Amino acid sequence: MGEVVQMHFTTVDYVIFALLLVASAGIGLFYAFSGGRQRTTQEFLMADRSMSCLPVSLSLLATFQSAVAILGAPSEVYAFGTQYWFLGCSYFLGLLIPAHVFIPIFYRLRLSSAYEYLELRFNKTVRICGTATFIFQMVIYMGVVLYAPALALNAVTGFDLWGAVLAMGLVCTVYTALGGLKAVIWTDVFQTVVMFAGQLTVIVVGAGQAGGMAEVWRKAVNGSRISGLDLNPDPLERHTFWTLGVGGVFLMLALYGVNQAQVQRYLSSRTEKEAVMSCYVVFPCQQVVLCLGCLMGLVMFARYGEDSPLDKGYVKTNDQMVLYFVMDVFKELPGLPGLFVACLFSGALSTISSAFNSLATVTMEDLIKPHFPNMTEAKATLLSKGLALAYGLVCLAMAYVASIMGSVLQAAFSIFGMVGGPLLGLFCLGIFFPWANSIGAVVGLAAGLAMAFWVGIGSFLMRMPRSTTEPHLNTTTLPLFDNMTTAVLTSLASSPTAKPRPTGVEALYSLSYMWYSAHNSTTVVVVGLLVSLLTGPMKEKELTPGTVFPVLGTLLFFLPERYKEKLCCITPLTPKPKEINTLPYQMAKKDSNGAAYSKEDTSTEDREMERDKAQTEDEDLDTQRALPSCQLTAHTVQETAL
């Protein structure tokens with residue numbers, strides 16, 4: 001098994017790749033010097049809460065569709081068949097629940113950071129714990145997601161490794177630091193189009209060279225790559241309908257329900273209705289993305305069959321196979337490899353820019369503003385831009401760390417994936433269980449993280465000795481598919497069918513990685529509830545209005561009133577859309593963290609929709625402030641403000 005001559009980019013390929021970076025930077029500069037010129041934190045971090053449904057939904061999609069997914073999904077389908085496609089079944093509930101549970105709560109509380117919710121629901125300690133956990137997972141992830149595609153590109157084409165890393169990192173940092181969330185969202189839209197174009201081109205040209213889609217399908221059927229419905233309930237099986245379709249729901253909730261990068265996009269929408277619609281629009285787009293990944297894997301199989309480039313020694317890892325295939329298919333077509341690499345790096349850029357912006361937001365809103373309540377708007381905005389810039393430099397430093405970590409890259413990805421589940425559990429504890437208290441929340445989060453690291457690291461260590469004998473399953477340095485909160489290596493959860501079923505602790509280590517999020521979030525909820533009951537559950541009167549979703553009152557309709565009262569599920573705590581009064585929530589936020597919110601934070605809708613009624617609104621608010629807090633009742637907001 002020898003190595004083939006390394007393929008190289010033509011001048012046209014370099015030009016197309018450079019155009020992607022220039023266009024992305026151009027969008028950022030445009031928003032830096034137009035409109036409000038990013039002079040307020042509200043505009044820089046929240047896009048002035050003025051975004052419409054389509055750009056938000058495409059941005060949500062781009063954040064999910066990272067470079068690792070573009071490299072990984074086709075490799076997965078090539079090696080194991082189309083069973084992975086059943087992950088699409090989890091998208092329905094994975095997007096429906098955030099649309100109708102998480103978005104209404106976050107949007108009506110007028111949050112900037114998802115972790116503000118934790119302080120409103122519990123206390124400042126829980127908020128800081130949640131923020132610190134999120135920062136930890138994102139900082140680890142940023143460097144790896146920047147370095148990994150550049151490494152694959154370098155291995156296959158000889159493209160300068162650190163040239164690619166620096167170009168991506170610096171361009172991303174510039175447009176995020178200058179243009180804010182609005183620039184991030186619109187570059188995501190542009191990058192999504194590039195991603196679709198790149199993947200479609202590969203599929204069309206590759207299928208044409210293989211003899212057409214009918215021939216591709218015939219070869220895939222003959223090669224047993226078209227998988228049927230596997231209803232095996234065993235949670236240790238790597239991919240079945242249940243692990244993908246049910247376990248996948250928890251992965252989707254961790255991403256689309258509580259991840260700051262996605263929550264920030266919902267909160268940047270003009271209205272709650274548009275935020276919910278953006279969730280609905282993502283659903284068909286994700287199905288298309290999933291199908292494109294699967295089709296590319298089948299086209300690869302039609303070209304190489306069982307005789308893969310990995311077996312021949314042309315590439316060293318699974319993540320390099322897709323790039324090798326692209327360079328092989330397009331060797332007579334200059335410019336098209338550049339288009340696919342632009343597609344690949346678009347995924348990386350959209351993921352990293354989202355990370356920068358969300359990290360700047362949580363650092364500003366959760367760690368700085370509460371301690372400096374009198375900070376001027378100009379200083380706060382400048383500091384936010386400085387934070388985005390600083391996180392950009394941290395990302396480049398993390399890329400260097402990733403380069404010297406070698407096989408520990410696997411552990412880094414796993415650590416990132418392990419943190420998403422406990423954070424989901426923490427939010428579920430607050431939203432669905434009114435009697436959960438702050439002690440329960442902190443202990444539950446600690447227990448969830450401990451369980452996640454125990455299982456994840458134990459699983460990793462248990463499989464290390466097999467890496468030399470099973471190159472197909474364990475030599476990859478990238479997860480075969482990922483998203484912002486669930487990048488867990490497939491190789492950590494794969495086990496040969498010939499081995500006897502593990503028992504005891506080994507069974508826990510052999511749990512399919514698709515169940516990690518469900519397992520860890522359940523640990524947080526169960527431990528959190530037990531500790532809350534032992535330390536004195538919260539009473540309904542102690543809860544901030546609008547922080548609990550009233551699902552328990554409906555589910556426990558058969559209980560006597562006195563028991564329902566003890567469980568805090570008599571009154572629905574989330575107001576209906578047309579009865580929202582943001583004043584009590586704004587006051588609760590101010591009381592809970594001592595931060596004086598700027599005028600932009602509390603009156604965005606007045607500025608946009610009711611400038612001519614400002615005086616009337618002020619008089620109305622003055623009247624309400626004069627009332628005792630117990631008499632504050634929800635008043636009707638103008639329909640146009642919704």
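Biologist: Before we start, what should I know about how the values were made?
Modeller: This is a predicted model, so local features need pLDDT of at least 70 and side-chain atom pairs count only at pLDDT 80 or more, while totals for chains, interfaces and linings use all residues. Residues are numbered from 1 along each chain as its sequence is written, and side-chain values use heavy atoms, with hydrogens and water left out.

Biologist: Great. How many helices and strands does the chain have?
Modeller: There are 29 helices and zero strands. Both are DSSP runs numbered from the N terminus, with helices being H or I of at least four residues and strands E of at least two.

Biologist: And what percentage of the residues is buried?
Modeller: Of the 642 residues in the chain, 60% are buried. Buried means under 20% relative accessible area, exposed means over 50%, and partly exposed is in between (1.4 Å probe, protein chains only).

Biologist: What does the accessible surface come to?
Modeller: About 24,100 Å², and 67% of that belongs to carbon and sulfur atoms. The areas come from the Shrake-Rupley method with a 1.4 Å probe; for residues, only the protein chains shown count as cover.

Biologist: What about contacts across the sequence?
Modeller: Taking contacts in the chain with a separation of 6 or more, 86% are between residues 24 or more positions apart. A contact is heavy atoms within 4.5 Å.

Biologist: Let's zoom in. Where is Tyr-175, and is it buried or exposed?
Modeller: Tyr-175 is in helix α8, and it is buried, with a relative accessible area of 0%.

Biologist: Which residues does Tyr-175 touch?
Modeller: Leaving out residues up to four places away in sequence, Tyr-175 touches several, among them Ser-24, Ala-25, Gly-28, Ala-183 and Leu-349. Its side chain also makes a polar contact with the side chain of Gln-191 at 3.4 Å, and another with the side chain of Ser-353, also given as 3.4 Å. A polar contact is a pair of N or O atoms within 3.5 Å; within protein, one must be able to donate a hydrogen and the other to accept it, and residues adjacent in sequence count only if both atoms are side-chain atoms.

Biologist: How far apart are Tyr-175 and Phe-30?
Modeller: They are 145 residues apart in sequence and 9.2 Å apart in space, C-alpha to C-alpha.

Biologist: Switching topic: why is α11 described as largely enclosed?
Modeller: Because nine of the 10 residues of helix α11 (residues 247-256) are buried, the rest of the structure largely encloses it. The buried ones include Val-249, Leu-251 and Met-252.

Biologist: How many salt bridges are there?
Modeller: The count comes to 11, taking a salt bridge as a side-chain nitrogen of Lys or Arg within 4 Å of a carboxyl oxygen of Asp or Glu.

Biologist: Can you pick one that links distant parts?
Modeller: Arg-225 pairs with Glu-306, with the closest N and O atoms 3.3 Å apart. Arg-225 is in the loop between α9 and α10 and Glu-306 is in the loop between α13 (272-304) and α14 (309-312), 81 residues apart. Arg-225 is buried at 10% relative accessible area, whereas Glu-306 is exposed at 53%.

Biologist: Which residues does Asp-328 pair with?
Modeller: Asp-328 forms a salt bridge with Arg-303 (3.2 Å, N to O). Asp-328 lies in helix α15 (residues 321-329) and Arg-303 in helix α13, so the pair ties together parts that are 25 residues apart in sequence. Asp-328 also meets Lys-331 in a salt bridge (3.2 Å, N to O), and Lys-331 is exposed at 56% relative accessible area.

Biologist: Last one: which residues make the nonpolar surface patch?
Modeller: Trp-162, Leu-166, Leu-170, Tyr-400, Val-401 and Ile-404 make a patch of about 560 Å². The elements giving two or more residues to the patch are α8 (161-210) and α17 (377-405). Patches are made of residues with over 30% relative accessible area and no salt bridge: like charges are joined within 9 Å, nonpolar side chains (Val, Leu, Ile, Met, Phe, Trp, Tyr) within 5 Å.
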